[in-house]
Amino acid sequence: MIRLESDVLVIGAGGAGMYAAIAAARDGCQVQLIDRSLIGRGGATVMAQMTVAVALGEECPDHWEHHLADTLAAGRGLCDPALAQLLCENAPLRIREMDAWKVGWARENGHLKQVHAPGHDRARCVYVDFLNTGPAVSRTLRTQLNRIAAIRRIGDVLITDLVVHGGEAVGAVGLHLVSGETVTLEAKSLIIATGGLTRLYRRNSGSLNMGGDGYALALRAGAELVDMEFVQFFPIGHLAPRMIGMDPIMWDPFRYKLGGRLLNAKGEEFADRYGQAEAGNYVLTRDVATYAIFKEVEAGRGSPAGGAYLSFAHVPEAELRKAFGPVIDRLARNGIDLTQMPVEVAPIAHYHMGGVRVNASMETRVPNLFAAGEAVGGANGANRLSGNAISEAFVFGESAGTAAAARAKARGASGWNARAALPELDFLSTRGDAAAINTAALLVELQALMADHAGPFRTEAKLKFALQRLAQMQGELGVLPAGGSEHYNMLRLDWLDLRNMLLVAQCVVLAALEREESRGAHQREDFPGMLPQWDLNQLLTWREGKLSLRRSPAKQPGRTAQ
Ligand SMILES: Cc1cc2nc3c(=O)[nH]c(=O)nc-3n(C[C@H](O)[C@H](O)[C@H](O)COP(=O)(O)OP(=O)(O)OC[C@H]3O[C@@H](n4cnc5c(N)ncnc54)[C@H](O)[C@@H]3O)c2cc1C
């Protein structure tokens with residue numbers, strides 16, 4: 001068994017985790033930064049290639065209160081105002097800090113270039129050209145980490161459970177995937193920065209590491225989850241032909257620049273059937289575009305892979321080259337010639353608005369347990385504005401790191417208790433019946449079930465079916481991890497992933513079933529329209545193997561943005 005100790009343990013090394021580690025070390029703590037994949041390369045941050053929302057006022061006058069007003073409006077009354085304010089107010093600090101660390105934000109005429117994205121009232125989004133935002137951000141943070149001796153970075157460690165003693169978080173246990181050995185991690189404070197859950201869905205923009213581990217870890221440790229029903233779908237995710245090394249949501253900025261035509265199988269522009277004629281321009285909002293594509297496919301007018309065509313073939317080649325820059329060559333290497341052919345696009349699960357409930361210091365209701373980044377729920381309410389997620393990762397990462405460092409210093413000792421870790425360690429050292437279960441088939445079924453029954457458009461019948469089947473699948477998975485503790489035992493890894501994914505899927509479906517209205521990313525075909533009596537947050541807890549849900553009036557913003 002491997003034993004590790006630190007003042008602050010950060011679980012997950014995406015944008016939020018790396019920023020949290022830097023902040024905690026800056027405040028004088030020894031930090032352990034752990035990831036199930038490679039440090040700074042495993043989650044959504046490195047994949048994001050586009051925009052970062054921040055009220056810098058470089059392109060036109062702006063103030064964080066305007067950004068906040070747009071964020072609250074997009075959240076449809078369900079944002080946690082304190083978290084939303086923290087995000088908008090502190091984003092400029094973090095973006096300027098990243099600039100000083102030479103991330104390479106695009107510049108024009110000596111100022112940072114800011115572009116307009118849907119839902120923002122002005123040009124507010126910075127980026128690194130061309131489609132390089134995520135890689136540049138991750139590289140910059142990794143470079144900072146390398147300079148700080150107080151941060152110990154360890155990849156290939158899957159955190160499987162948190163250790164709680166006397167009602168307080170005191171550490172975690174996990175599996176070193178390379179050796180198969182179990183790991184204990186003692187810490188005075190802990191930060192969950194494990195990103196989102198889009199792997200639950202058949203079509204998604206995420207990576208294999210985004211199965212919602214952090215939500216399950218938090219829930220089992222006694223924390224609350226908030227508004228788990230709000231999964232954001234991105235309408236024009238790439239579907240076909242196969243494309244390697246590119247962001248699946250990359251078509252968006254090119255639609256801003258060039259319009260492009262969204263077509264059905266008959267070659268018709270169809271947006272006007274759903275209330276917004278496009279005529280080659282990009283005017284469809286995300287929810288309408290998602291609905292329109294779904295309905296065209298349902299009516300048998302979908303593209304061969306089950307989506308819609310996106311065509312730039314009417315745009316002169318010189319204009320295409322100017323807009324796409326070097327990306328046009330990367331597309332050519334994938335066999336995609338935009339002057340000659342359309343691509344196929346479809347709605348894909350992209351981001352999770354729900355998540356771990358925290359206060360404005362990023363602390364959960366379990367003392368010493370903090371969360372940051374996409375793992376946190378509530379800041380974006382029922383719908384997130386484009387560009388807010390990366391700002392959120394930086395801002396919440398920095399805040400969580402600072403608060404966790406203060407807590408670690410105040411505590412003195414970790415309060416680690418070996419006995420408290422025993423049930424989790426015993427669980428990891430058991431060997432379930434490998435022949436009894438086909439984890440690969442269960443994973444595929446789970447993703448299909450979530451896509452078909454708890455996707456962007458939901459009904460009571462579909463959600464009830466999903467909930468029932470999820471419970472059966474949990475029974476089929478069993479309670480002991482399949483396979484042994486050999487190195488890189490993929491069966492065991494799939495089993496552990498499924499344990500979390502099934503729990504988190506139940507959270508999404510249960511909350512979606514309970515919310516009998518349509519709001520933001522949660523659309524109930526049997527309850528169309530947003531209802532004032534549903535200005536409520538839904539909170540989930542887990543006790544003795546059972547989920548329970550309660551409602552709480554949504555908090556109202558304390559001040560009005562100008
Ligand atoms: C393709 C794509 C494009 C996007 N584009 C944009 C954009 O242009 N603008 C924007 O604002 N947002 C965008 N987003 C969203 C944004 O990138 C994410 O919300 C944000 O980066 C999340 O950062 P994070 O640090 O919270 O999580 P992540 O970056 O996802 O990092 C989480 C880390 O936790 C690790 N982890 C997970 N579980 C465990 C475990 N059990 N044990 C140990 N480690 C674990 C993972 O391996 C991963 O490295 C995009 C997302 C995707 C997928």
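Predicted model: local features only at pLDDT ≥ 70, side-chain atom pairs only at ≥ 80, totals over all residues.
**View 1. Helix 2 and helix 3 cross at roughly 135 degrees.** Here helix 2 (residues 64-74) meets helix 3 (residues 81-100), and their axes come within 9 Å. Helices here are DSSP runs of H or I with at least four residues, strands are E runs of at least two, and both are numbered from the N terminus. The axes are lines fitted to C-alpha atoms, for helices over the stretch in contact, with angles from 0 to 180 degrees between N-to-C directions. Helix 2 and helix 3 are therefore oblique to each other (under 35 degrees counts as roughly parallel, over 145 as roughly antiparallel, 65 to 115 as roughly perpendicular, and the rest as oblique).

Residues are numbered from 1 along each chain as its sequence is written, and side-chain values use heavy atoms, leaving out hydrogens and water.

**View 2. Arg76 sits in the loop between helix 2 and helix 3.** Arg76 isn't a glycine, yet has a positive phi of about 50 degrees. Most residues other than glycine have a negative phi.

**View 3. Helix 6 packs against helix 8.** Helix 6 (residues 251-258) and helix 8 (residues 317-324) have axes 10 Å apart, at an angle of about 130 degrees. That makes helix 6 oblique to helix 8. Helix 6 passes helix 8 in a right-handed crossing.

**View 4. A cis peptide bond joins Ala240 and Pro241.** Its omega is about -5 degrees. Look for Pro241 in the loop between strand 12 (231-240) and helix 6.

**View 5. A shell of 39 residues is found around the ligand.** Asp35, Thr45, Thr51, Asp213 and Glu374 come nearest (a residue is near if one of its heavy atoms lies within 4 Å). By class, the shell has 17 nonpolar, 16 polar and 6 charged residues (Ala, Val, Leu, Ile, Met, Phe, Trp, Tyr, Cys and Pro are nonpolar; Asp, Glu, Lys and Arg are charged; the others, Gly among them, are polar). Helix 10 gives the largest share, 4 residues.

Definitions and conventions: Left-handed = near helix turned anticlockwise from the far one by under 90°.
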